[in-house]
Amino acid sequence: MINGKTLQLKPFGIEDADFLLRWNNDSDYTGEFEPYEPVTRGDLEDWLLGNKPDQLWYIIENTLGEKVGQILGRYHKDGSVQIGYRVIPLARGRGYCTEAVATLIQHLFDQGIERITAEANPHNTPSLRVLEKLGFNEIEYKKKAVELNGVWLDGVVYELRREI
Ligand SMILES: CC(C)(COP(=O)(O)OP(=O)(O)OC[C@H]1O[C@@H](n2cnc3c(N)ncnc32)[C@H](O)[C@@H]1OP(=O)(O)O)[C@@H](O)C(=O)NCCC(=O)NCCS
């Protein structure tokens with residue numbers, strides 16, 4: 001468990017199956033800029049019960065213990081970590097994502113990670129706002145980065161480096 005100021009990041013577990021099934025099968029949760037990939041309970045439970053070494057997959061829980069979203073990190077070979085996040089529609093705009101990302105950043109920097117990256121669609125204003133609020137800098141504009149329903153969308157890569 002990673003504790004933030006007003007929320008906590010709880011590693012994914014089998015007890016999160018209902019939440020993950022409910023929301024990852026809802027295209028409003030995925031949002032309009034990411035591929036919508038529905039999951040089955042069987043596949044999800046197999047995956048949750050499997051061995052997940054080196055993965056940073058967390059449920060975002062508020063002070064009431066309510067699950068409000070998820071935040072993920074993936075280690076790259078160069079030692080950096082790429083993050084991604086989703087907040088359930090009814091809990092958006094309350095600062096949950098910003099605090100979850102800030103909490104994960106601090107945790108990763110404390111672990112010795114020196115560079116964190118994220119990639120977002122140039123029109124995904126809430127996501128870009130979260131990254132900019134936390135001091136991320138744009139480092140690359142990728143043309144045709146993601147295919148969504150047969151259409152190729154651009155992506156913007158952001159990074160945050162640990163201050164020495
Ligand atoms: C991106 C996402 C996780 C943000 O979650 P959130 O908890 O609502 O984010 P926060 O409340 O911490 O911050 C959102 C910021 O964007 C701003 N914002 C939201 N919608 C906006 C809009 N249409 N125009 C301008 N700003 C907007 C909010 O005002 C807030 O900024 P502020 O603190 O300066 O007011 C959420 O929108 C989501 O799950 N989207 C679908 C999945 C997705 O796109 N994930 C990211 C993929 S890169």
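This is a tour of the model, from the whole fold down to single residues.

**Ground rules.** The model is predicted: local features need pLDDT of at least 70, side-chain atom pairs count only at pLDDT 80 or more, and totals for chains, interfaces and linings use all residues. Residue numbers start from 1 along each chain as its sequence is written.

**Whole chain.** Start with a cartoon view. The protein has 5 helices and 8 strands. Helices (H or I, at least four residues) and strands (E, at least two) are DSSP runs, numbered from the N terminus. Along the sequence the pattern is β-β-α-α-α-β-β-β-α-β-α-β-β. The radius of gyration is 16 Å, close to the 15 Å of the globule rule for 164 residues, so the protein is as compact as a globular protein of that length. That radius is taken over C-alpha atoms, and the rule is 2.2 Å times the number of residues to the power 0.38. The C-alpha atoms fill a box of roughly 40 × 40 × 35 Å along the principal axes.

**The sheet.** Select the strands. All 8 strands form an open sheet, ordered β1-β2-β3-β4-β5-β6-β8-β7, with mixed pairing. Two strands pair if DSSP finds at least two bridges between them. The edge strands, β1 (2-3) and β7, each pair on one side only.

Now take residues 151-161, strand β8. β8 pairs with β6 (residues 115-120) in the antiparallel sense over 6 bridges. Ile 116 has Leu 160 in β8 as its bridge partner. β8 also pairs with β7 (residues 137-148), again antiparallel, over 8 bridges. Here Glu 147 has Trp 152 as its bridge partner, and Val 146 stands opposite Leu 153. Stop at the hairpin of β7 and β8: 2 residues lie between the strands, and Asn 149 takes a positive phi near 50°.

**The core.** Colour by burial next. Of the 164 residues, 24% count as buried. Buried means 20 or more other C-beta atoms within 10 Å of the residue's own; exposed means 12 or fewer, and partly exposed lies in between, with C-beta atoms placed from the backbone. Select Ile 60, Ile 71, Ile 83, Ala 100, Val 101 and Leu 104: of the 29 residues in the largest nonpolar core, these touch the most other members. Such a core is a set of buried Ala, Val, Leu, Ile, Met, Phe, Trp, Tyr and Cys residues joined through C-beta atoms within 7 Å. The elements giving two or more residues are β3 (56-61), β4 (67-75), β5, α4, β6, α5 and β8. α4 gives the most, with 7 residues.

Centre on Ile 71. Beyond its neighbours within four places in sequence, its contacts include Leu 9, Tyr 58, Ile 83 and Leu 104. A contact means C-beta atoms, placed from the backbone, within 7 Å.

**The ligand.** Show the shell around the ligand. Which of its 22 residues come nearest? They are Gly 31, Arg 92, Cys 97, Thr 98 and Arg 129. Near means a C-beta atom, placed from the backbone, within 6 Å. β5 (81-87), α4 (96-110) and α5 (125-133) each supply at least two shell residues. α5 gives the most, with 6.

**Last stop: Asn 121.** Find it in the loop between β6 and α5. Is Asn 121 buried or partly exposed? Asn 121 counts as partly exposed, because it has 19 C-beta neighbours inside 10 Å. Leaving aside neighbours within four places in sequence, Asn 121 is in contact with Phe 33, Leu 153, Asp 154 and Gly 155. Its C-alpha atom is separated by 8.8 Å from that of Ala 145, 24 residues apart along the chain.

How values were computed
Contact = placed C-beta atoms within 7 Å.
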